[in-house]
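Morning, everyone. Please look at the model on the screen while I talk you through it.

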Amino acid sequence: MTATVDRPVEEAPSGGKVPLVELKNVGKSYGNITALKDISLRVHAGEVTGILGDNGAGKSTLIKIIAGYHPQTDGELLVDGEPIKFTSPKDALGKGIATVYQNLAVVPLMPVWRNFFLGQEIRQTRFPWALDANAMRATTLSELSKMGIDLPDVDVPIGSLSGGQKQCVAIARAVFFGARVLILDEPTAALGVKQSGVVLKYITAAKEAGFGVVFITHNPHHAHMVGDHFVLLNRGKQKLDCTYDDITLEHLTQEMAGGDELEALSHELRGDKG
Ligand SMILES: Nc1ncnc2c1ncn2[C@@H]1O[C@H](COP(=O)(O)OP(=O)(O)OP(=O)(O)O)[C@@H](O)[C@H]1O
Ligand SMILES: [Mg+2]
C-alpha cells in the first residue's frame, strides 16, 4: 500500500506577507565546532517548510534556535517581522511556536485525554478543585475530531495508539494550546508507510487550517508530498532553498543523497570499473 496525500491545486501564496518566523544569516557554534552557518529561511502561515538533511546536518540545532532552547551565535531570528531573542522554550511558546519531538513526552499508561492535558489540566471551579475529567475528555474528543482524527475512545492508554496516532495527538495538543507555528521533528522517521500517511495528511490539514509548519525529515518523498518550500542542510550549510514548483522529487532525492556521491557508491558496490 502506498501513502498518498492530495495536494491542493492552488499553492499557498506567500508573496508580500510577513513571515511568522524568519532566520537571517543565522549561525551556531559550539565552542570551535560550527554546527550551522549562514542559514536564511522563512516560515509562512498556511505553508509547510520542509527541512531536509542527513545525520549531523544541523537540523536539531536549527529547531532548537527557533524553539528557544538556545540562541544563535550569529544572525537574526525574527517573529512576525520583529527581531527577537528567546531565553527559553517558554518564550517561544508564548509567541505560538510549539515543537513536537520525535520521542514524545507522553505517559504511556495514562489515557489519551490525560496526556492531552498533561501539565495544563482543567480543574473544577469549586473547592477542592478536583480535575474536571468530563470537560477534558470532551475537549480532547472534539479537538481530535476537528482535525480529522477519529479516535472512538479517549479513555484508552495513549501507549496503545499507533506511532502515527500519537504524533497526531501531540500536534492537536500543540494547536489547542495556542501554537501558530508547529515544528515537527522527524514525525515520520519511526513509522511505516501507512502510519506515515496518517501523519502527512494531518500535516496538510494543519497547513490548510493556516498554521506555519516546519517539517524536519530525512525522507525526500515525505517532504515532497506535503512541502511548499524546501531547505536542505548539508554539514551545517544551506545547500538548497526552493519552492515546490522549482524542484522535482527526483531532483530533491538526488540532492538529499549527495547526487554524484551516491552514483559513485552504487558503481563501487556493483564492482563497476571506471
Ligand atoms: N551540544 C553540542 N555540543 C557540541 N556539538 C554539537 C552539539 N549539538 C550538536 N553538535 C554538533 O553539531 C552538528 C549538527 O548536529 P545536529 O544534532 O543539529 O544534527 P542533525 O541534523 O539534527 O542530525 P541527526 O539527523 O543525526 O539528528 C553535529 O556535528 C553535532 O556533533
Ligand atoms: Mg537531529
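First, some ground rules. This is a predicted model, where local features need pLDDT of at least 70, side-chain atom pairs count only at pLDDT 80 or more, and totals for chains, interfaces and linings use all residues. Residues are numbered from 1 along each chain as its sequence is written, while chains are lettered from A and ligands numbered from 1 in the order in which they are written.

Which residues surround ligand 1? They are Y30, I33, A35, G53, N55, G56, A57, G58, K59, S60 and T61. Near here means a C-beta atom, placed from the backbone, within 6 Å of the molecule. Two elements give two or more residues to that shell: β2 (33–43) and α1 (59–66). Helix α1 gives the most, with three. Helices (H or I, at least four residues) and strands (E, at least two) are DSSP runs, numbered from the N terminus.

Now the hairpin. Strand β1, residues 21–30, runs antiparallel to β2, and seven bridges join them. Strands pair if DSSP finds at least two bridges between them. K28 has L36 in β2 as its bridge partner. Two residues separate the strands, and G31 in the turn has a positive phi of about 55 degrees.

N25 is found in strand β1. Its phi is positive too, near 50 degrees, and N25 is not a glycine. Is N25 buried or exposed? N25 counts as exposed, because it has 12 C-beta neighbours inside 10 Å. The cut-offs within 10 Å are 20 or more other C-beta atoms for buried, 12 or fewer for exposed, and partly exposed in between, with C-beta atoms placed from the backbone.

On to helix α5, residues 163–176. It has 14 residues. Eleven of them are buried, including C168, V169 and I171. The buried residues pack against β6 (97–100), α3 (112–116), α4 (133–146), β7 (181–185) and α6 (193–208). Just after α5, G178 takes a positive phi of about 100 degrees.

Next, the core. The largest nonpolar core has 65 residues, and L182, I203 and F215 have the most contacts inside it. Such a core is a set of buried Ala, Val, Leu, Ile, Met, Phe, Trp, Tyr and Cys residues joined through C-beta atoms within 7 Å.

Last stop: the loop between α3 and α4. P128 sits there. The peptide bond from F127 to P128 is cis, with omega near 5 degrees. W129 is in that loop as well. W129 counts as exposed, because it has 10 C-beta neighbours inside 10 Å.

Note on methods: Expected span 1.5 Å × (residues − 1). Contact = placed C-beta atoms within 7 Å.
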